Structures are given as C-alpha cells and as structure tokens.
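Let's take a walk through this structure together. Have a look at the sequence and the model first.

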Amino acid sequence: MKEYKAEEILDGLRNRDTNVLDFIYKNYFQQIKVFINKNSGTDEDAQDIYQDGVLVIYQKIKNDNLTLSCSFNTYLYSVCRLLWLKQLEKRKKSIEYAEESEKLVELDDDILKFYNSNERYVIYQDHFKKLSQNCQKILELYMARIQLKEIANK
C-alpha cells in the first residue's frame, strides 16, 4: 500500500479518493479504537466516532482550507478524542481517562461546530422521516420558499 504525506491525505479527502480513505482507515483506526475501548466505549462506538472524525475533517477542509501543523494521524486522533469525550459527557459517564502517550493537538471550536451541526442534521432527518407524506411535502415546499398561498393551493 502506498504511503501518503499529510498534504496528500488532505488532497485525497478533498477529492474523496477511496485509496486515501482506505489508507487512513488501515493505518489510523486501530489507535482510535484502542482509546475508545479503554474509555468505556465499544467497537461500534469507535467506528462511529472515527467516521464522524473523518467527516468533520472533510467539512473543515471544504470550508476552511485546513492546513496542518502536525501529522495527520495526530490531528485525526485529537479530533476523535474530542468527539468521544463530548459523547461521554452527553452520556454523563464519569470515567478516568486513559493515560495519553501521544502528544495531542489543540483544536479550535470549529471542530465541535461541524460535529454538532452534523448530529443535529441526523436528528432532523430521523424525525422528518416519521412525518406523514403530506407533512413532509408541506415542509419541503416551505423550505423551498414557496409562498404560503401556493402551498395551500397544492
């Protein structure tokens, strides 16, 4: 398997290159999984947090033109660690955090904003699907900024 440098990984994510995604998963997922398992998580939690972490980084690349001051591995681990700690906070679990042997990167608040907006979107979609077809259609027309009189006529 080809080795990628940080900039190549960022370009690969930007372009949705499956080879880069496979490389990231094969090389970096295990470390995230070990951290989450040591801190009250399951393998499924690790997969969810890993995917959320990659998605957050992808959104940051698309919006901010992300440049790294550390290795990609360190950045991804830091993002996933932050997301997991926030998840634990939501679950209101008190845990002792595993000792960190790797240096972490200080992350900006945008990481949590991207994660929270994605999480809200999933919740909205879940509830939207529970609505009747008519309600869904009315909301779709409203979101498309169709005038209320026209929606009422339809």
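Here is a short tour, from the overall fold to a few aromatic rings.

This is a predicted model, so local features need pLDDT of at least 70 and side-chain atom pairs count only at pLDDT 80 or more, while totals for chains, interfaces and linings use all residues. Residues are numbered from 1 along each chain as its sequence is written, and side-chain values use heavy atoms, with hydrogens and water left out.

The chain has seven helices and zero strands; helices (H or I, at least four residues) and strands (E, at least two) are DSSP runs, numbered from the N terminus. Of its 154 residues, 32% are buried, meaning under 20% relative accessible area with a 1.4 Å probe, protein chains only.

Start at helix 1, residues 6-14, where I9, L10, G12 and L13 are buried. Looking down the axis of helix 1, you'd find these buried residues within an arc of 160° (taken from the directions from the helix axis to the C-beta atoms), so they line one face of the helix. They pack against helix 2 (18-38), helix 3 (43-64) and helix 4 (72-91).

Now for the rings. Rings of Phe, Tyr and Trp (its six-membered ring) pair if their centres lie within 6.5 Å; planes under 30 degrees apart are stacked, over 60 edge-to-face, and the rest tilted. That gives seven aromatic pairs. In one of them, F23 and Y28 have ring centres 5.9 Å apart and planes at 85°, so the pair is edge-to-face. F35 and Y77 are edge-to-face too, with centres 5.8 Å apart and planes at 70°. F35 sits in helix 2 and Y77 in helix 4, so this pair ties together parts 42 residues apart in sequence.

How values were computed: Buried < 20%, exposed > 50% of the residue type's maximum accessible area, 1.4 Å probe, protein only. Contact = heavy atoms within 4.5 Å.
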